[in-house]
Amino acid sequence: MAQQRKALWEADLDEDLQDVDLSLAIGSYGQNGLYDDVQPRIDETTLLAVQQQVAQQQAFAQIPDVVKRFIAHFHQAVLDNNLVEITVAYESGWNRLTEKYYSKTEWPEAEVIAPLVNDDQIFLILYRELYYRHVYSRLNPDIDDRFHSYENSCELFNYLLNSDGPVPLELPEQWLWDIIDEFIYQFQSFCVWRSKVKSKTDEEIALLAEGSQVWSSYSVLNVLYSLIQKSKINEHLVALQQGKSPEEIAEIVGEYGTRPLYKLLGYFSIIGLLRVHSLLGDFTLALKVMENVELNQKSPFTRVTACHVTTYYYVGFCYIMLRRYTDAIRAFVSILNFILRMRQYHTRSYQYDQINKTADRMYALFAICNALSPTRVDDNISNIVKERYGEQFAKMSRGEEGIPAFEELFLYACPKFITANPPPYEDADLLPAYIEDPPVEPAQRHLQLFLAEVRAQAPVPTLRSFLKLYTSLDASKLANFLDADEEDMVQQLMVMKQASRSVSRVDEKGLLDGQWISTSDLDFVINENMVHIAESTVGRRYAGWFIRNTEHAQRVLDTLRNAPLPIPPKAAGAAKPAEAAASSTATARTGGKQVAWGSAKAA
Amino acid sequence: MATITAGNWASPPTRPPLIETLVSGVDRYNPSNVGILEDYLYHQIRSQEYDCLANLAILKLYQFNPDLYNPDVVINILIKALTSAPFPDFSLCISLLDERPPSASGSGAGANPDEPDPLPQLLPVLSTLHALLQQCRFPRFWALYRSDEVEALRDNYTVECVGFEDAVRDVAVRAVKAAFTSISSERLGSYLDLSGDDLTAYVEKLGWSIDASTGVVSIPPNPDNQIESTVVQENIQLPQLVKVITHAAQTSLPVVPAVN
């Protein structure tokens, strides 16, 4: 019976696979003299191949037609380097079909859909990039997914970096960002998963022991640095700052750097490095790699909002770990205001959710910074912080008893730290010891270091509240009020002085540079035993508010002025020109058929 | 020890070009460069120089290549970082020490069954010393530092670090200078662990003056010990308004027709 089935499907078999399996099976079993086994064995291997084939065909048959059409269309868009259509397929089509058909299962495997795209290897790599991203975000990636997504990333970067010259591929900015973002997310996810030894099966342990290079820190850094070097992005950024002309810049960055694909991948890789170094606890290096990036939104290098949000989140966090709370506050205020202003433009839910989550963590970090370095700051943002974290903020402003609140917010808002090295999977002797006595989790280590700093500053809020009441005061009297030893209290005053000073960027270029500035409105000095206090009051600021609202009013007026006069409802679809255009060209290509994923109603 | 200022922390003027290349480029990841950076650390130990970023680069290499790990180097890095308080260098270094149980795994070329890794013993001591400096508890720092508990650290490490005690005094001097306009010599002496002629000489070297009759040390004015009550008023600059004005000029129609 099996024989029959084999004959039936033989024509469809992949020839290489069939040859290899047959000869191998015959060879080994013939020598063993287990002649009886040969026939069934052949059948078994063949059967396996056949079954696989059948399974693939069945899987193929099960793909809904609309998905097949989508993939074929997507493939064509990539072949044509048609950014508009790729964007529609990527941002709208993929997500819509995911919701409809694949919200709880994987997309069809790349091998299954290969016939739809003429076995185009490059497209299949891109397809797998989306396939695995979907697995990571919606499902539970198993060890095979984790290994294979790594291999696929390697293939993608290998294609981009080691082809003969720059590759003729164009992808939307958002997708390029997502490629780097996802690459690092999967690395981080792998490291966290890898560090949990207890839940691993024997098979997983064996695979992890073997594949110690998979998702290694070096391999990840290597990709990011290669993209940076290939695109000459640092040279590009420096040239921009020097005001070089586009022609001069083209000369400097060469054949790779002039292409948007490489230029953006290079830029995103710098942000990627910032993130990887932060995750590994190297906050200094994280800021150092950002040397040439200018943090302002006046001339953004990219329009990808998620990239800005990531950049400021990690920069702000690194500043906290460098105890530069004012710089952290500045970073958070700037991006949080940006997010507030951008809010109306974010309709794509998958990004919007992510951005909102990060924003919320930044409000928490802002509360931490403001408790440690109380300064007059942006009212807009402080009001939101009061709403969300008012309770924790009040506790944190009370010194020692606020430590649990610091801990809570830090753990909630810190990056998902990782360790650089795997547990000793390859060493059967060490592994049990490791399980017995697991190392402290990285987030806990960084938390403890941070809390040590908080504890050192713990007496400051109380001292501050007393000093605020006086213009001068005898040290022994102050010690009496505080029920403290005078010498101890004087030492605490020195701590307070140090806490009111900080390195901060004033007009320096690099993120690590800065000047020693005063960050507090309350200052004091000790003359032998007399404490003299001076307070600075900051008048209320109006300009920013008025400027922002004037600009807003101007925009509203412009929109009104430019709006067409009321016209018949038929042409109302033109309100979304990009998508409308996309759907009309798509329609033309597929011979007048309606393209479900590209309709103007997509959003 | 060269004074640490905010401006040159990231790139101290004493840093040689070779180290600059390593610190700023991708070669910092190359394990075969660890020797160069370690030599540079020992140069810092001998010559009272300090380069935090170069030392962090060593710890980075150890983080990625646990077999390079050398506890003596780590301890020396921490000793150097200790005296940069109130800057966070010490914590930044600790952040990079991956939570590998150094003794249990016994990994690393330097591991030797006869010579147990000294770091697990010394790390808590160093952390306590650091916490005391961070909290400006200078008298307690000196008491602990001179105690038997810290003997191993003193005899094997800080004795080799040229100018270590003066570097600690620098930490205290920075704190005092910012908070005081004058301070009794007993108090200052307890912070610096100096008394009598040693203290007088030290104070003079700093350029501070000591009143022989009262024993009060005056600290010259500096930006941190000069206080002043101020009211900061908002000061709007034209550039802030450029966008609004330009836009208005471009789009507004004259409300009143120009009169000839």
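Helices (H or I, at least four residues) and strands (E, at least two) are DSSP runs, numbered from the N terminus. Gln48(B) gives a case: this residue sits in the loop between α2 (34-47) and α3 (52-64) of chain B.

This is a predicted model, in which local features need pLDDT of at least 70 and side-chain atom pairs count only at pLDDT 80 or more, while totals for chains, interfaces and linings use all residues. Residues are numbered from 1 along each chain as its sequence is written, and chains are lettered from A and ligands numbered from 1 in the order in which they are written.

## Chain A overall

Chain A holds 27 helices and six strands. Of its 603 residues, 36% count as buried. Buried means that 20 or more other C-beta atoms lie within 10 Å of a residue's own; 12 or fewer means exposed, and anything in between partly exposed, with C-beta atoms placed from the backbone. Contacts are defined by C-beta atoms, placed from the backbone, that lie within 7 Å. Take the contacts in chain A between residues at least 6 apart in sequence: 70% of them join residues at least 24 apart.

## The interface and the shared sheet

Between the chains, 62 residues of chain A are in contact with 55 residues of chain B. On the chain A side, helix α22 (residues 442-456) supplies the largest share, seven residues. That side of chain A divides into 30 nonpolar, 18 polar and 14 charged residues. Here Ala, Val, Leu, Ile, Met, Phe, Trp, Tyr, Cys and Pro count as nonpolar, Asp, Glu, Lys and Arg as charged, and the others, Gly among them, as polar.

A sheet also spans the two chains. Six strands form an open sheet with mixed pairing, in the order β1(A)-β5(A)-β4(A)-β1(B)-β3(B)-β2(B). At its edges stand β1 (472-474) of chain A and β2 (209-210) of chain B; each has a single partner strand, so one side of each is left without a neighbour in the sheet. Two strands pair if DSSP finds at least two bridges between them. Strands of a sheet pair through backbone hydrogen bonds, either parallel or antiparallel.

Where do the chains join? Strand β4 (residues 522-527) of chain A runs parallel to strand β1 (residues 180-184) of chain B, and two bridges link them. Asn527(A) has Ser182(B) as its bridge partner in β1(B). Within chain A, six bridges join β4(A) to strand β5 (residues 530-535), and these strands run antiparallel. There, Val525(A) stands opposite His532(A) in β5(A).

Most residues other than glycine have a negative phi, and most peptide bonds are trans. Two residues depart from the phi rule.

| Residue | Phi | Other C-beta atoms within 10 Å |
|---|---|---|
| Glu528(A) | about 55 degrees | 15 atoms, partly exposed |
| Gln48(B) | near 60 degrees | 16 atoms, partly exposed |

Glu528(A) lies in the loop between β4 and β5 of chain A. The peptide bond from Ala85(B) to Pro86(B) is cis, with omega near 5 degrees. Pro86(B) is in the loop between α4 (71-82) and α5 (89-96) of chain B.

## Helix packing

In helix α12 (residues 233-241) of chain A, Ile233(A), His236(A) and Ala239(A) are buried. They cover an arc of only 120 degrees around the axis, which puts them on the same side of α12(A); the arc is that of the directions from the helix axis to the C-beta atoms. Their cover includes α11 (217-231), α13 (246-257) and α14 (260-279) of chain A. Gly243(A) follows α12(A), with a positive phi near 75 degrees.

Ala371(A) belongs to helix α18 (residues 349-372) of chain A. Is this residue buried or exposed? Ala371(A) is buried, with 25 other C-beta atoms within 10 Å. Leaving aside neighbours within four places in sequence, Ala371(A) is in contact with Phe393(A), Met396(A) and Ser397(A).

In chain B, the axes of helix α10 (residues 164-179) and helix α11 (residues 185-192) come within 9 Å and cross at roughly 140 degrees. That makes α10(B) oblique to α11(B). Angles under 35 degrees count as roughly parallel, over 145 as roughly antiparallel, 65 to 115 as roughly perpendicular and the rest as oblique. Axes are lines fitted to C-alpha atoms, for helices over the stretch in contact, and angles run from 0 to 180 degrees between N-to-C directions. Arg169(B), Ala172(B) and Val176(B) in α10(B) meet Leu188(B), Tyr191(B) and Leu192(B) in α11(B). This contact divides into five nonpolar residues, no polar and one charged.

Technical notes
Contact = placed C-beta atoms within 7 Å.
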